Amino acid sequence: MTNHWFGQIHGSHTNLFCQTVHIYGDQTSLVESIPQHLHIQGRLTTVSLWDYVQRSLPLRDILILTLTCSSNDPRIRRTFSQYVERMCSSKHANVIAKYPQIKSIRTMYVLAADTKDCPTKLLSTFFLPNSFESKQLFLIILGSDKKEISTKPSIQYKPITSQTSSSIKDPRLNRNTNHNNNKPAL
């Protein structure tokens, strides 16, 4: 399998070596914009995050990446596993610092790969499974650009004229009707 992204997530006491396992969403071009080093800036509850993602769905491009540890070193793998366990038990997501030079990404979040608090609409939109292999993370990316909503009507009405000579036209539909035809001539 080709890794779509690999890099490090830096916390106050943790450096996680990560790689992508799977990508959920349409705008995979956003993956190319993810910096190799991500820095944790703050946190919020997973319920608040999923609510925000659901409200952003009609407005922004959203990607969800599942991440695993990219190192074979047992000590680094253990650190990754402990981090995922802490994220699961705390029911919080970490907010990734913004990168002003990267215009295509609005915000990013890291949380344990768990869909217990995920609204069913998001599960079906992204085709997310109900359960994930243990010791995985989600990296959620919200794009900066607003989704383009088509203003063109999907159905266009194009009336056609009848081609049969036997059809009778309603006089009200005739644009050239002179409404004074019924007045007597002077």
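Predicted model: local features only at pLDDT ≥ 70, side-chain atom pairs only at ≥ 80, totals over all residues.
**Reading strands, a helix and salt bridges**

Me: Asn-94 stands opposite Val-110 in E6, and I would like to know how many bridges join E5 to strand E6.

Reply: Residues are numbered from 1 along each chain as its sequence is written, and side-chain values use heavy atoms, with hydrogens and water left out. Helices (H or I, at least four residues) and strands (E, at least two) are DSSP runs, numbered from the N terminus, and two strands pair if DSSP finds at least two bridges between them. Here E5 is joined to strand E6 (residues 105–112) by 2 bridges, and the two run antiparallel.

Me: In what sense do strand E3 and E5 pair, and over how many bridges?

Reply: Strand E3 (residues 37–45) pairs with E5 in the antiparallel sense, over 5 bridges. Within this pairing, Arg-43 has Asn-94 of E5 as its bridge partner, and Asn-94 also stands opposite Val-110 in E6.

Me: Turning to a helix, which residues of H1 are buried?

Reply: An α-helix has 3.6 residues a turn, so residues three or four places apart point the same way. In H1, the buried residues are Thr-46, Leu-49, Trp-50, Val-53 and Ser-56. They lie on the same side of H1, because they cover an arc of only 125 degrees around the axis, an arc being that of the directions from the helix axis to the C-beta atoms. The face turned away from this buried side carries the exposed residues Val-47 and Arg-55.

Me: With which residues is Ser-56 in contact, leaving aside its neighbours within four places in sequence?

Reply: Contact means heavy atoms within 4.5 Å. Ser-56, which is placed in helix H1, is buried with a relative accessible area of 5%, and, leaving aside its neighbours within four places in sequence, Ser-56 is in contact with Ile-62 and Leu-142.

Me: How many salt bridges does the structure hold?

Reply: A salt bridge is a side-chain nitrogen of Lys or Arg within 4 Å of a carboxyl oxygen of Asp or Glu, and the structure holds 3 of them. In one, Asp-51 is joined to Arg-55, with the closest N and O atoms 3.2 Å apart. These two residues are 4 residues apart in helix H1 (residues 46–56), which means that about one helical turn separates them. Asp-51 counts as partly exposed at 38% relative accessibility, whereas Arg-55 is exposed at 52%.

Me: Which distant parts of the chain does the pair of Glu-85 and Lys-135 link?

Reply: In the salt bridge of Glu-85 with Lys-135, the closest N and O atoms are 2.9 Å apart. Glu-85 is in helix H2 (residues 74–90) and Lys-135 in the loop between helix H3 (120–126) and strand E7 (137–146), 50 residues apart. Glu-85 is partly exposed, at 45%, and Lys-135 is partly exposed, at 31%.

Terms used
Buried < 20%, exposed > 50% of the residue type's maximum accessible area, 1.4 Å probe, protein only.
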